[in-house]
Amino acid sequence: MAEQTFDLIVLGGGPGGYVAAIRAAQLGMKTAVVEREHLGGICLNWGCIPTKALLRTSEINHLLHHLPEFGFDAVQPKFDIEKVVKRSRGIAKQLSGGVAHLLRKNKVTVFDGAGKLAGKQTVAVTKDGKDVATLKAPHIILATGARARQLPGIEADGKLIWSYKEAMVPTMMPKSLLVIGSGAIGIEFASFYLNMGAQVTVVEVLPRILAVEDEEISAFAHKAFEKQGMKILVGANVKSVKKGADNVTVTVEAGGKTQEITVDRVISAVGIVGNVENLGLEGTGVKVDRTHVLIDEYCRTGEPGVYAIGDLAGPPWLAHKASHEGVICVEKIAGVKDVHPLNVRNIPGCTYCRPQVASVGITEAKAREEGYEVKVGRFPFIGNGKAIAMGESEGMIKTVFDAKTGELLGAHMIGAEVTEMIQGYTIARTMEATEAELMLTVFPHPTISEAMHESVLDAYKRAIHF
């Protein structure tokens, strides 16, 4: 087994790893990627992409049940869950193949196996217990991602208690299910199954769902989901889980009361843990805190020549954050001038439930906590012509400005297509635009994006349509 030498080795071929590798190749670095499972990582194969395919199906199912509102006479629609899952998996496979093509195109060498630090500037690659290769490089990026957190006594068994993986490939459509956790993953699955006809209960230990979002958006979402028929228990703890032959009885304590809820399936969505095991970190300067590798603003660890990006390096746990970190890390290594550290407040967050949720920057509460004097604008979708025409009048946009400088501190949105629109506010924050530039911007009519303009205007008492 010959030793192979590279300028850069990336452990992990997810949205952080493969993007880092391609950028390195563009900058003239001889690059290798070591991937033990699927190119594209969890995001492309078991997360972002296939879940959006499922959610698109559930949106269509919802619309099919509301066709009379649009003037259609329609028979009761039916779906085939096997075909629904097959489409989702096919899309993931197609895109994974696309990543492989991009890496070949950029002359990145891909090793199929698990990578591990094996001394200074050395990575050992193994597959099924057998040695595959020994690789050398002065720079090594750890991009091994994360996996679902398991709660003691509520571990996913693949049959009655599902992790995100089982929830994405159901062999049958449960008539009822309980989702533990109301972050983006939990709410997306809750929304999918609810819109496919299941009775859904969400249990959240915190006082509100979607806790990272602005409180008004969180409250709006809570009401919207309950209106759709979702049962939501906040400030609630799962005390025990009892498995039956083909159902699960969950004991939940909330508000000082205990109740038993029997459902067909349980989905556990209680966060993630970094994949730090078996990376050869022992004896190195790499420091790990609560399963995540500690890094500086350029993704450098405490070990010279070793870097970490993406979910492995901590929150926010988002694919686009991982990709951007990969680019920053590689450009710094390559000596590119004016490499800017990542500002996590400029990273948009999106949740693809119905209605969608998106945000960038800080919440109103956080801004006040940090001592800002704020101006806050709001605009409801019911005041937007395009939203009404689409039959999507449920939603709102909230903007938070620094009253002294006009800086856009945060934007928070709920409603149809907000995950597509949030980039407008993200660009504004990146370009350090103030309310003046946003108010002077001409938004096309009729579009839902006009509500973004109106929200800014409202913060300065200039809203036209509300």
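1. A residue is called buried under 20% relative accessible area, exposed over 50%, and partly exposed in between, using a 1.4 Å probe and protein chains only. The model is predicted: local features need pLDDT of at least 70 and side-chain atom pairs count only at pLDDT 80 or more, while totals for chains, interfaces and linings use all residues. Residues are numbered from 1 along each chain as its sequence is written, and side-chain values use heavy atoms, with hydrogens and water left out.

2. By the burial cut-off, cysteine 43 counts as buried, because its relative accessibility is 16%. Cysteine 48 is partly exposed, at a relative accessible area of 28%. The torsion about the S-S bond is about -130 degrees, so the disulfide between cysteine 43 and cysteine 48 is left-handed.

3. How many disulfides does a search of the whole structure find? The search finds 1. The sulfur of cysteine 329 has its closest cysteine sulfur in cysteine 299, at 4.9 Å, too far for a bond; cysteine 329 is buried, with a relative accessible area of 0%. For cysteine 353, the closest cysteine sulfur belongs to cysteine 350, at 10 Å, again too far for a bond. Cysteine 353 is buried at 2%.

4. An open sheet is formed by 5 strands in the order E4-E3-E2-E8-E21, with parallel pairing. Strands E4 (109-112) and E21 (306-308) are at the edges, each having a single partner strand, so one side of each lacks a neighbour in the sheet. From one strand to the next, the twist averages 20 degrees. Helices (H or I, at least four residues) and strands (E, at least two) are DSSP runs numbered from the N terminus, and two strands pair if DSSP finds at least two bridges between them.

5. Strand E3 (residues 31-35) pairs with E4 in the parallel sense over 4 bridges. Within this pairing, valine 33 is opposite valine 110 in E4.

6. Helix H6 (residues 184-195) has 12 residues and reaches 16 Å from its first C-alpha to its last, close to the 16 Å expected at 1.5 Å a residue; the expected span is 1.5 Å times one less than the number of residues. Of the 12 residues in H6, 10 are buried, including Phe189, Phe192 and Tyr193. Glycine 197 follows H6 and has a positive phi, near 110 degrees.

Terms used. Axes are lines fitted to C-alpha atoms, for helices over the stretch in contact, and angles run from 0 to 180 degrees between N-to-C directions. A disulfide is a pair of cysteine sulfur atoms within 2.5 Å.
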